[in-house]
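The stops below are given in the order in which to select them.

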Amino acid sequence: MQKDQLFTRRRMLLASVAALGAAGATGIVMADGDEDAARIAAPVAGAPALQALKPSAYRLQPLTGYGPPRAEPRKLKVRHEPILQISGRGRHMMLTFDDGPDPRYTPHILDTLAEYGVRAMFFVCGEMAVANKELLARMADEGHIVGNHTYTHPLLTTLNRREIRSEMERTSDVIEDAYGERPQWFRAPYGAWNRATFQLGADMGMEPMAWTVDTTDWETPGTGTIVDRVESGAAPGVVVLSHDAGGDRSQSVHAIREYLPHLLDSGYHLTVPRRRPS
């Protein structure tokens, strides 16, 4: 499902499935232990041109097709609830963005993150990623983590196991091709989890990640409201959910330019999970 169509489906589905993504969940994931990353923790009208990318230590590996044959994903323990927060010493938080990448909004968010030296997680949809692979390559260069958010953003609890596996696998293939490695994290659209999603995700080497603070920016409530939700919800271990695609995300673009420096000035370290060995 692409761009503006997501908005209508969210209004119809979110009320019935939101609790599934949070109720009873207590999982914690360790934050990246890199000391430099922890220390920094981390539109204007029109679309500014992307800056040329510089070679980066964050670049993972050559794109698929140039390296050795892909290894089977590392099998994980099957969870019964998604991870909701991160752990780590000090005031760590994590920013996550769903549904992209979208060339109208994602570059602006990446620009702001780069300005403040902050890394984040992007849970991408395969149909968006396949058309914007250069943005996934940029995410790899700049040290962001890319997760799997299915190919077409369906309500997974209405699909059978074969259909769910297809949604996950196709997206992981696109991510590997553009980002440089298969994703280690998965987020169910609408926060709608069931046993099959946990089992299949673990089979593919992906941990389930939910969120602690929902900005509900997909409702376009206003930049100030989004900023207030992030700042009032800030606390050690919090995972913030925002969106960089699926509709008009200009408010999300403006909001991060306000709340990100505030969080950093308040002593929060914006980080990402530790990457597991392949």
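Predicted model: local features only at pLDDT ≥ 70, side-chain atom pairs only at ≥ 80, totals over all residues.

Residues are numbered from 1 along each chain as its sequence is written, and side-chain values use heavy atoms, with hydrogens and water left out.

Start with α5, residues 133-141; helices here are DSSP runs of H or I of at least four residues, and strands are runs of E of at least two, numbered from the N terminus. Because 7 of its 9 residues are buried, α5 is largely enclosed by the rest of the structure; buried means under 20% relative accessible area with a 1.4 Å probe, protein chains only. Among the buried residues are L135, R138 and D141. They pack against α3 (106-115), β4, α4, β5 and α6. After α5 comes G143, with a positive phi near 85 degrees.

Next select α6, residues 161-179. At 1.5 Å a residue, its 19 residues should span 27 Å, which agrees with the 26 Å between its end C-alpha atoms; the expected span is 1.5 Å times one less than the number of residues. At the N-terminal end, N160 is the cap, with a side-chain oxygen 3.1 Å from the backbone nitrogen of R162. The buried residues of α6 include I164, M168 and Y179. Just after α6, G180 has a positive phi of about 115 degrees.

Finally, select Y179 with I145, W185 and P273, which are among the residues lining the second largest cavity.

Terms used. Buried < 20%, exposed > 50% of the residue type's maximum accessible area, 1.4 Å probe, protein only. Contact = heavy atoms within 4.5 Å. Polar contact = N/O pair within 3.5 Å; in protein donor to acceptor, adjacent residues only side chain to side chain. 1 Å grid on protein atoms, 1.4 Å probe; cavity = no way out; pocket = protein on both sides within 12 Å on 5 of 7 lines; lining within 4 Å.
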